[in-house]
Amino acid sequence: MTNDDFVIHQIRDEILQRRRFLLTSHARPDGDSIGSQLAMAFALDALGKEVRIVNADAAPDHYQGFPGMHRIEITTEVDTDADAVIVMECSDLSRTGITGLDSRFIINIDHHAGNRLYGALNWYDETAAACGEMVFDLIRALGVPLTEQIATHIYLAILTDTGAFHHSNITPRTFDICRQTVEAGVNPAAMARRVFDSNSFGKLKLIGAVLDSMVLLDEGRLAVLYLDDEMLQLCGCTHNDTEGLINLPLTAREIQAVVFFKIAPGGVVRVSMRSKYDVDVRQVAAQYGGGGHKNAAGFTVDGPLDELRPRLIERLVMAIGEGLLTRP
Ligand code: 5GP
Ligand code: MN
């Protein structure tokens with residue numbers, strides 16, 4: 001039995017013994033956090049458990065039509081006496097953006113490097129392409145059948161967290177799980193259309209505005225994007241409309257990494273980064289207290305952008321140089 005198998009069995013035993021669960025994930029949810037939580041929720045339903053799902057922020061619009069979305073409560077403070085809190089996709093409990101969870105029995109399930117092991121039970125697998133892969137294994141261990149609803153959320157988690165099968169975290173296991181979800185009724189073409197081809201006209205305008213102001217550095221290997229509230233308002237968009245936008249520069253062959261600065265009115269700067277192959281943006285984010293994965297990472301700083309930018313760009317140029325050495 002591997003160490004992972006041992007932890008999965010421990011988690012399974014604890015879940016089977018407990019009755020009332022609170023599920024959560026990180027603030028500003030993405031497809032992996034939504035998919036992992038809802039797959040888990042449907043599995044716990046099947047076991048006759050009581051389930052509550054709590055997130056700090058609402059999910060972007062294109063996730064709203066997926067099964068069970070109405071079950072997610074949006075709040076940053078909970079008062080709960082649940083028998084267990086299952087936290088998925090969070091390297092640190094503070095990533096939830098929710099207070100009131102720390103006094104409960106916490107089960108921590110995550111695939112981010114540097115997980116802080118804050119749970120009573122901690123299952124942390126950096127090799128999983130999505131937290132949804134881990135949830136899939138747990139659901140199997142619980143003996144719950146893979147219904148179409150559960151399969152949809154597992155596929156959603158994997159589709160989005162691999163950057164639509166672009167990132168370097170994909171393994172045979174990823175496709176093996178996807179195969180089983182398709183056998184359970186998932187339609188990959190419909191999923192891709194729903195998730196990636198659901199832009200509003202306002203978002204198309206926003207894509208134009210953000211790409212128009214893109215700056216290329218390091219002989220075209222690094223793209224820098226900016227966004228502030230004025231650009232959002234001009235296009236009739238909100239911050240939720242920015243999802244996926246960061247991936248567009250990577251469709252240019254020369255561009256190896258992208259950094260996206262989103263400037264909030266109070267001066268807070270949210271930084272997202274994406275990269276190709278072995279260019280490691282996670283280690284860059286970690287130097288600013290953030291995290292993520294090799295090809296997708298981020299952090300937040302309390303401005304000002306002018307102070308942050310020069311050193312960050314230097315670090316990204318270094319990461320690109322190092323990553324290119326091992327290019328396949
Ligand atoms: P995004 O750029 O889409 O917000 O995030 C990309 C990846 O980096 C995701 O896996 C996300 O969880 C992670 N990430 C983004 N911001 C932070 C942060 O401030 N701290 C940590 N630990 N991870 C982050
Ligand atoms: Mn993830």
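1. Thr-152 is buried in this predicted model, with a relative accessible area of 11%. The residue belongs to helix α4, which spans residues 148–161. A polar atom of the Thr-152 side chain lies 2.7 Å from the backbone oxygen of Glu-148. If residues up to four places away in sequence are not counted, Thr-152 touches Phe-66, Pro-67, Val-186 and Met-191.

2. The metal site deserves attention next. The manganese ion (ligand 2) is coordinated by Asp-32 (OD), Glu-89 (OE), Glu-89 (OE), His-111 (NE2) and Asp-161 (OD), at 2.0 to 2.8 Å. Along the chain, the donors of the manganese ion (ligand 2) follow the spacing D-x56-E-x21-H-x49-D. Asp-32 lies in helix α2 (residues 31–46) and His-111 in the loop between β5 (106–110) and β6 (121–124), so this pair ties together parts that are 79 residues apart in sequence. Asp-32 and His-111 are both buried.

3. Five of the five residues of β5 are buried, so the strand is largely enclosed by the rest of the structure. Both of its faces are covered: Ile-106, Asn-108 and Asp-110 are buried on one side, and Ile-107 and Ile-109 on the other. In a regular strand the side chains alternate between the two faces of the sheet.

4. Ile-86 can be examined individually. Leaving aside neighbours within four places in sequence, Ile-86 is in contact with Ile-15, Phe-21, Leu-22, Leu-23, Thr-24, Met-40, Leu-44, Ile-107 and Ile-109.

5. Helix α3 (residues 131–141) is mostly covered, with eight of its 11 residues buried. The buried residues in α3 are Cys-131, Gly-132, Glu-133, Met-134, Val-135, Phe-136, Leu-138 and Ile-139. Just after α3, Gly-143 takes a positive phi of about 80°.

6. A further sheet is open and consists of six strands in the order β7-β8-β9-β10-β12-β11, with mixed pairing. Its edge strands are β7 (215–217) and β11 (291–293), each of which pairs on one side only. From one strand to the next, the twist averages 20°. Strands of a sheet pair through backbone hydrogen bonds, either parallel or antiparallel.

7. Within this sheet, β7 and β8 run antiparallel and are joined by three bridges; Val-215 stands opposite Val-224 in β8. Strand β8 (residues 222–228) pairs with β9 in the parallel sense over seven bridges, and Ala-223 stands opposite Val-258 in β9.

8. Is strand β9 largely enclosed or open to the outside? Six of the seven residues of β9 (residues 257–263) are buried, so the strand is largely enclosed by the rest of the structure. Strand β9 pairs with β10 (residues 269–275) in the antiparallel sense over seven bridges, and the bridge partner of Ala-257 in β10 is Ser-275. The hairpin of β9 and β10 has five residues between the strands, and in this hairpin Gly-267 takes a positive phi near 100°.

9. Helix α10 (residues 305–324) lies across β7, β8, β9, β10 and β12 (296–301). The helix runs at about 165° to β9.

Notes. Residues numbered from 1 in each chain as written. Chains lettered and ligands numbered in written order. Predicted model: local features only at pLDDT ≥ 70, side-chain atom pairs only at ≥ 80, totals over all residues. Heavy atoms only, no water. Donors = N, O, S within 2.8 Å, 3.2 Å for Na, K, Ca; no water. Helix = DSSP H or I, 4+ residues; strand = E, 2+ residues; numbered from the N terminus. Buried < 20%, exposed > 50% of the residue type's maximum accessible area, 1.4 Å probe, protein only. Pairing = 2+ DSSP bridges. Axes fitted to C-alpha atoms, helices over the stretch in contact; angles between N-to-C directions. Contact = heavy atoms within 4.5 Å. Polar contact = N/O pair within 3.5 Å; in protein donor to acceptor, adjacent residues only side chain to side chain.
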